[in-house]
Amino acid sequence: MRGRRSSRFPGAVLAACAAALVAWVLPALAQVDPRILPLQPTYRRNPTCATVETRIPFDVHEGTRDVALSPSPREMPLNQGESAICFAYATADMISHRLGRQIAPLDVATKTYFADPERLAAIPALREHLKAHPNWRADIAWSRNAAEMSNIGNPKLLPYFDKIEGGEEDTAALLYNIGGLCEDRDLPSNDGYRYANPTLRRLRYRSRLAPKPMSFRSLAGTVPHLRHPQTDTFNAAWIAHVEARCRRVPLPVPLLPVSYRVATNQAEFVELRDSGTPPSPKAITRILAMIDYALDHGRVPTIGYSWYLLEDRDPKDPDLHADHASPVIARRKVGGTCQYRIQDNTGEYCARMREGMREACENGRVWVGEDALRRTLYSVTYLR
């Protein structure tokens with residue numbers, strides 16, 4: 001029969017119960033890291049669009065010194081040059097802000113494509129996060145298998161590191177927990193592969209002389225899509241070069257990405273829109289609410305959108321959608337409209353942007369109104 005239990009317990013029993021409760025609660029409280037945001041918070045728009053300004057760490061070194069260019073590289077964000085790895089530059093900015101040090105985007109890209117995901121499971125600080133995201137292995141594999149290969153100087157579309165294109169900010173940030181951080185001064189990444197090109201040319205020549213086939217432990221953790229007998233020697237040598245250049249130190253805090261998307265990429269976003277079934281306004285509002293949450297809690301989020309939001313498409317450009325990623329570094333309200341400041345990493349000059357955007361741009365940092373952003377915004381990622 002069910003009924004209310006009597007509260008008259010012997011003192012010894014009460015003491016034992018209290019001791020057991022303390023033994024259970026204290027370890028749980030001890031595991032709460034005040035530097036880490038909650039796993040599943042409630043996302044709401046900032047009701048007043050309160051002003052928030054952030055700054056990405058920037059160091060002056062070989063790859064960012066003034067080289068008689070205007071505007072000076074010191075005034076511009078790190079840019080991807082002719083590479084197609086905007087995700088790595090956006091993710092590096094997001095991580096740089098979180099860690100307070102300028103992280104090398106080329107190191108982010110290298111880990112994204114080749115780091116062994118199983119090493120994540122051995123990092124104690126990641127265990128709860130990985131448990132809450134049981135599909136993390138599949139997500140990493142999907143991201144790597146979705147990568148494309150540039151055909152410029154690569155007619156066979158082989159997976160040479162500097163010919164691989166595309167990636168996801170959430171998986172890139174998660175994989176960056178492996179092996180410690182590398183600062184941009186150690187592996188200069190400004191203007192894409194500009195400072196790495198002499199090394200890349202030398203490694204490409206040497207790899208053609210290497211015996212084939214060969215097996216490399218440094219490539220064992222990636223997917224077959226990024227392996228090939230003609231590129232494995234080159235990619236393994238590039239990884240060795242990165243490790244030799246990078247004076248790695250442990251991350252001061254784990255990188256725990258949270259992401260949400262309404263489409264896989266910009267092409268799918270446009271397809272949904274054109275088919276008459278666009279993502280709902282509520283779903284886009286959720287992305288904006290997550291951006292607000294991140295900014296309000298001292299984080300720099302990254303977003304997925306179309307570069308053509310900022311610059312008109314050249315009719316001869318075969319890229320119909322210009323899938324792009326950038327960090328959001330500020331928010332303000334102007335004339336009743338909420339605006340977000342996007343830090344562009346293409347290196348493009350403001351004068352070349354479309355009317356309305358060029359006036360809102362300063363050295364690659366562009367204020368974009370919420371209404372314009374809604375027309376192309378499809379994903380957001382931030383670090384807990």
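Biologist: A disulfide here is a pair of cysteine sulfur atoms within 2.5 Å; by this rule, how many disulfides does the count come to?

Modeller: This is a predicted model, in which local features need pLDDT of at least 70, side-chain atom pairs count only at pLDDT 80 or more, and totals for chains, interfaces and linings use all residues. Residues are numbered from 1 along each chain as its sequence is written, and side-chain values use heavy atoms, with hydrogens and water left out. Under the sulfur rule, the count comes to three disulfides.

Biologist: What does the model's pLDDT average over the protein?

Modeller: pLDDT is the predictor's confidence in each residue, from 0 to 100. It stays under 50 over residues 1-30, while 91% of the residues score at least 70. For the protein, the average pLDDT is 90.

Biologist: How many residues apart in sequence are the parts that C49 and C338 tie together?

Modeller: C49 is joined to C338 by a disulfide with an S to S distance of 2.0 Å, and the link is right-handed, with 85° about the S-S bond. C49 lies in the loop between α1 (11-30) and β1 (52-53), and C338 lies in strand β7 (residues 337-343), so the pair ties together parts whose separation in sequence is 289 residues. Helices (H or I, at least four residues) and strands (E, at least two) are DSSP runs, numbered from the N terminus.

Biologist: Is the disulfide of C182 and C246 left-handed or right-handed?

Modeller: A disulfide joins C182 to C246, S to S 2.0 Å. C182 is in the loop between α6 and α7 (197-209) and C246 in the loop between α8 and β4 (257-261), 64 residues apart. The torsion about their S-S bond is about -75°, so this disulfide is left-handed.

Biologist: What angle about the S-S bond does the link of C350 and C361 have?

Modeller: C350 and C361 are joined by a disulfide, S to S 2.0 Å, and both are buried, where buried means under 20% relative accessible area, exposed over 50%, and partly exposed in between (1.4 Å probe, protein chains only). The link is left-handed, and the angle about its S-S bond is -55°.

Terms used: Contact = heavy atoms within 4.5 Å. Disulfide = S-S within 2.5 Å.
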